[in-house]
Amino acid sequence: MEIIEKLKEKLQMNGDFIFRDLTINGIKIYLIQNEVLCSSTYINHYILKAITTLPLTNENKEALLYDLLPDNSVIKTEKLEEMLDYYYKGFALIVYDENKALAIEAKASLDRGISNSSSESTVRGSKDSFNENFNTNVGLIRRRLRSENCIMESLFIGKESRTKVGIMYMDTIAYPSNVDKVKEKMQKVDIDGVLDSGFLKMYLEKKSNLFFPTVMATERPDRVSQALLEGKIAIVVDNSPYVLITPTFFIDYLHTPDDYYQRALNISFIRIIRFLAFLVAIFTPALYIATTTHNQGALPLDLLLNFASQRESVPFSPLVEALFMSIAFEILRESDIRKPAAMGSAVSILGGLILGEAAVSAGIISPIMIIVIAISAISGLAFSSMEMIAALRFLRFIMMFLAMFFGLFGIYCGGIFILAMLTTTSTLNLPYFAPFTPFIKSELEDALVKFKNKKIKKRNPLLTKNIVRGREK
Amino acid sequence: MKKIIALIVIILLFTGCTKYTEINNLAIVDMILLEKQEDQYILNITTVKGQKEENDTGIKHQTYHIEGKSLGEAFNKAEQLDNKKTYYEHLALIIIHDSLLQEDAINILDFIKNQFPKTNYLVLGTTSSTTLISNQFKGHQDIEKFIKKEQLENATIAPLTFDQIYKATLDKEHDSFIPMIRYQEETLSGAGIKVLKNNTLYDQNMSKINYLLNNNVNQIPMTLEKDNKSYFINFDHLNVTTSFRKDTFTITITGDLQSSDVTKKEQEEMEALLKEQLKKEITTFIEMEQKESISTTNLKNLVYLKMGNKEKLDTTYQKSKLNIKINTTWKGETIDD
């Protein structure tokens, strides 16, 4: 058959190409599968076993194969490109006629199962997290939103990878215009391959958004479910354990899904701590530099003398000290993430020693600088979003330079710059700094301080017209 | 991206161009003592420095003695001390010798105001050698300790900030004064107050009354004599209010009396004696001030507020009568009869 020759031509050079020709009741049919992407066990036990027992004839072969093969996903296909597409999606191809084939889903399980989230730990709440399997990820969301209004539109992005991407939203909640915007952006993606959801992020974010992330990537299904119920849109990408959520506001990065599983008073306190961590992460080294170079009068005398005595033997300026410490910390953090497990904690211990006692004893840095940078860096790690952590890092460096040049005035200018950036950044054409700007009173009840649950009955009016919760559209 | 890299490179190149003084290159001034001897202006500056010790961070004081033909010249020489820039932001105390106050107190205060940005440091005057004081006392805290003790025990001194003193010089209805101290037998004590208007030095007793009327002291010790016996009574938790009505100043003083020398039977008598003595002292004080048309208390200001104009202010003030009310309550344990 011509189609067989064409398929062989395209696929034969691959080592994982399996081709089997069968003659059943004198009818020739061909089985083509990818050894790696298909489950041989399933094909052997169910597909082949069923095929060999079918009373095939030239007249009924199509109907019998289509109706009686024990698989819930049997697709008729006649085009070579479609057949190749299905081949690489883990479908087994049964070619039974010239240019006619059935694609039967027989995907092998190549994922690692459902495990705990590695980057977003939870104190209270579900421990499951997304993995690399698209169906599993969508399934985890659908388990939580068992509603016909939870829509999942899929498309395939990437010329070579043909990665399956699902756009999920609540039909009765999300603005159709927002959904259309996301679909439009996804359809414009023109790249060879989408290997992770991170590839799609840059297409969803505006180029002018320099620092703050406007698309959230999360491993947690409960977070995605909450976002969908708010009127946001989730993008599930095959082979990626991170699902994208858009639009996201600045305040969303101060929230965790656990916030809705605990008492309002506890959560309010924790959110305020997170906000303080945000400020500490950005401003602490800059404040130290400013008060030791330009604005010594801002410090009480005892503290000033304390700092002076600690810096006595240090040959470098506070900025150089801070940069050295910050960069060393980032190197240490990076090596901690990348190091092989076999190396154990030796690197961390060595780094701690270098950055700690040894550097101080050698007179390279002052003890107070270690405290300042440590507090700042640890505060920055209070956020689960890698992008937010990166943004804080950049801003910290900028503030340090401003403090060195202009002292406290530089810090004020930097603070105004950050505020200006927050208020002018947009996410899917919505204001990033909502509900502070524009002022949305109802959203403030769950912004920094969380009011009691029964009081929070309304959704964000920027995200949905269906504002009142628990009500049909 | 290129623009960002260019911006970062430019910023890095600028790091050496900023004008700043590091914390270790500052000579942090704690205390300044000013004096004039013959034609020379003497400036004693005490600096503080943090010192890293084994398990503790200590403070080290150092005094610098600088002389100049004028105050400006002396301060000019003091701009750099041991190759460190003099830093006055944490100045806590200025002591001015009487020799400078006698010369031109207001100009001295003006000069100090222009010299130092902040005005919340204490100002004291002294009749003793400033060099001696600076050598004996390391830092303002040592001096403040003595002053606070003196304030509590004898009420003969109450430290004032430069702000409080300087404001009064600008206020025509209120005459400014500087508390004076004296160094004697390795200790400091109150030496009265120096009224800047007429260069008068009030003695300890007068200054005690001044502090009382200005609510600068919370308690005053009083020693009463009766039948050749001395009684020490502490008049504390003081509150003084003054008012002016129908050409009469009404001064109301309330407070508690405490004494371990007075029995219960003697309380009434002692109370009456105390009131009489205090009234006498206050009357003497105010009459003296009225005569000189000076007002180191709020009294003249009350007249001004009532009158609204300054034309007959001095006359009205001088002619006003005095009405003193003292309300006391005995507190604490007394000895048995």
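Please keep in mind that the model is predicted.

## Where the chains meet

Let's start with the interface. Chain A brings 27 residues to the contact, and chain B brings 25 residues. Together the two chains bury about 2,100 Å² between them, with 67% of that area coming from carbon and sulfur atoms. On the side of chain A, the residues that lose the most area to chain B are Leu301(A), Leu305(A) and Phe405(A), which together make up 26% of what that side buries.

One salt bridge is found across the interface of chain A and chain B. Its partners are the side chains of Arg311(A) and Glu22(B), at 2.6 Å from N to O.

Of the side that touches chain B, α10(A) gives the most, with nine residues. Sorted by class, this side of chain A has 15 nonpolar, nine polar and three charged residues.

## A sheet in chain A

Chain A also holds an open sheet of five strands, paired antiparallel in the order β6-β7-β9-β10-β8. At its edges lie β6 (150-157) and β8 (216-218) of chain A, each pairing on one side only. Neighbouring strands are turned by 25° against each other on average, direction ignored.

Inside this sheet, four bridges join β7 (residues 163-170) to β9 (residues 233-237) of chain A. Gly166(A), for example, has Val236(A) in β9(A) as its bridge partner.

Definitions and conventions
Residues are numbered from 1 along each chain as its sequence is written. Chains are lettered from A and ligands numbered from 1 in the order in which they are written. This is a predicted model: local features need pLDDT of at least 70, side-chain atom pairs count only at pLDDT 80 or more; totals for chains, interfaces and linings use all residues. Side-chain values use heavy atoms; hydrogens and water are left out. Contact means heavy atoms within 4.5 Å. Buried area is the accessible area (1.4 Å probe) that two parts lose on being put together, summed over both. A salt bridge is a side-chain nitrogen of Lys or Arg within 4 Å of a carboxyl oxygen of Asp or Glu. Helices (H or I, at least four residues) and strands (E, at least two) are DSSP runs, numbered from the N terminus. Ala, Val, Leu, Ile, Met, Phe, Trp, Tyr, Cys and Pro count as nonpolar, Asp, Glu, Lys and Arg as charged, and the others, Gly among them, as polar. Two strands pair if DSSP finds at least two bridges between them. Axes are lines fitted to C-alpha atoms, for helices over the stretch in contact, and angles run from 0 to 180 degrees between N-to-C directions.
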